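Q: I would like to learn how to read this model. Please start with confidence.

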Amino acid sequence: MLKAFNLLDEPWLPVRYADGRIAEVGLLQLFADAGQIVALAETSPPGLIALYRVLLAITHRALAREHGEWGKSDLARWHAKGLPVEALHAYLEHWRERFYLFHPDWPFMQVAALAEAEETRHKSKPWTQISLASSSGNAPVLFDHSVDTHPSQITATQAVRHLLGFLQFTPGGLVKTVRDSDKAGPLANTAAALPMGDTLARTLCLALHPCSIEPDTDLPAWEQPTPPSLANLRAEPTLATGANDRYTRLSRAVLLLPEGDGQHISQLRFAAGCALAEDDHAPDPMANYRMGSNGLVRLSFSEGRAIWRDLSALLPDPSGKHAKPAGVLGYAHRLLGALGQADSWLPVMVLGVACETGRPAKLVRWRVDNVALPTCLLEQEDVVELLRAALRDSEALFVGLRQIATSMLAESMPDPKHKDTRARARAMFDNGASAATYFAHLERRLPALLACLAQAGDHHTLWQAAQLHAIAPAWQAACRQLGEGARAIRACAQHEPRYLGLIKPLLPPVTKEATHV
């Protein structure tokens with residue numbers, strides 16, 4: 001394979017400039033323009049966070065190469081005045097040979113050994129193997145109709161972005177080449193958090209992991225001393241040496257096969273990768289943890305559940321009983337403190353892919369959510385606990401509504417006491433509009449709640465009013481599910497007092513007195 005398509009020069013990274021213009025740039029231009037670029041413009045969530053992780057690894061290693069140890073004061077200077085472009089360019093030029101997408105020995109984020117390995121040299125797979133949004137093998141996708149035996153072509157630019165997202169989010173399971181199965185990617189089934197600045201340069205400063213005392217112990221994939229071999233692929237899972245390793249781990253072995261023009265891909269070689277072992281004491285810097293039934297579990301995306309409902313998982317909890325927020329949020333908070341912006345707001349993007357484990361694992365959804373956190377929530381434990389209590393109240397109120405509505409719907413059906421009737425009523429409520437209505441109304445009031453908490457205002461009254469405003473249309477939506485028959489009218493009349501009792505604690509004092517009279 002000849003050397004071709006160097007990522008330092010070729011335009012492959014989609015970016016959005018401050019004037020609204022969308023363009024694709026190479027790595028050299030991206031860092032030169034980092035102060036004028038607002039953000040990356042990749043549209044797929046797995047590809048987007050994977051690109052940021054690669055840029056963070058490059059930035060971290062470039063700064064370590066130029067400055068050795070650096071700290072909070074250096075980051076504050078770079079955040080205010082811009083990243084040291086010369087150091088970043090010098091690092092990239094030093095490793096230019098490792099940034100060729102097509103290379104006989106070091107293809108970028110790939111395994112050249114697959115070209116000669118007995119298990120793979122005569123086998124190829126369609127490029128959809130590394131596209132989480134494409135139909136491949138026995139994993140169909142609703143709006144994609146790819147056929148493995150007749151793959152289409154994609155550009156090299158698209159291929160590298162698919163590859164990076166796949167390596168980070170691939171679920172664990174069967175592979176059947178080199179090894180029978182393999183571990184999941186670093187961010188599989190994870191809602192990853194990334195603090196956002198008003199420019200790409202500031203985003204990289206906010207999310208940058210601290211400099212190690214021995215920086216050369218944590219190397220990205222392209223700085224490894226030898227290319228990955230078949231022995232590496234067959235080896236037992238290994239712990240990450242640090243964030244640079246995690247951000248660029250070759251969780252699957254892939255070798256892109258260029259078409260004749262060197263600009264398009266339709267086939268690739270594929271095998272098990274350099275498996276990542278998880279360490280509970282060194283979690284991924286972008287992963288948040290919430291309390292599950294058996295302890296802390298990674299925050300992921302659930303059907304019909306917006307990320308704000310798990311907002312407390314993004315906030316510090318010294319007790320360890322409720323949550324463990326992503327390390328990048330702590331990095332950002334410390335930098336804002338060094339900048340004298342401890343009373344500001346921190347925009348956070350939460351994005352990723354959710355999957356159901358099994359054989360094979362099933363990808364079920366991907367999402368991007370955006371929240372803005374007052375920085376007081378990242379440092380004041382009492383304020384965080386007030387927010388947790390408010391969110392618990394809203395969840396408990398909905399549980400009460402669900403119980404009443406389920407009973408009401410069951411009463412409108414034949415044999416209302418039968419367990420199957422209750423199950424059908426519960427499913428009917430869950431498939432209705434009540435949940436979406438209730439939480440959508442509350443979400444609109446969330447910024448006001450956060451602002452009130454930041455200003456030490458009367459957040460309790462504000463949130464009670466928000467819940468009262470949200471539950472009324474949710475109850476009406478449940479009542480509409482009854483229909484208009486006699487059973488429906490009777491069921492509604494029987495259960496309305498229970499609903500009024502549920503909302504009574506939310507009513508203002510004057511309303512309570514008037515209702516009593």
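Q: In which helix is confidence lowest, and in which is it highest?
A: pLDDT is the predictor's confidence in each residue, from 0 to 100. Where pLDDT is low, predicted coordinates should not be read in detail. In the protein chain, helix α15 (residues 509-516) has the lowest confidence, with a mean of 55, and helix α1 (residues 27-32) the highest, at 98. Helices here are DSSP runs of H or I with at least four residues, strands are E runs of at least two, and both are numbered from the N terminus. The protein chain averages 89, and 93% of the residues score at least 70.

Q: What are the ground rules?
A: This is a predicted model: local features need pLDDT of at least 70, side-chain atom pairs count only at pLDDT 80 or more, and totals for chains, interfaces and linings use all residues. Residues are numbered from 1 along each chain as its sequence is written, and side-chain values use heavy atoms, leaving out hydrogens and water.

Q: What is the phi of Phe5, and what is that of Met109?
A: Most residues other than glycine have a negative phi. Phe5, in strand β1 (residues 4-6), has a positive phi near 60 degrees. Met109, in the loop between β5 (100-102) and β6 (125-126), has a positive phi of about 55 degrees.

Q: Is Phe5 buried or exposed?
A: Buried means under 20% relative accessible area, with a 1.4 Å probe and protein chains only. Phe5 counts as buried because its relative accessibility is 6%. Met109 is also buried, with a relative accessible area of 6%.

Q: Which residues does Leu30 contact?
A: Contact means heavy atoms within 4.5 Å. Beyond its neighbours within four places in sequence, Leu30 touches Leu13, Val15, Val25, Ile37, Leu40, Leu55 and Leu200.

Conventions
Buried means under 20% relative accessible area, exposed over 50%, partly exposed in between (1.4 Å probe, protein chains only).
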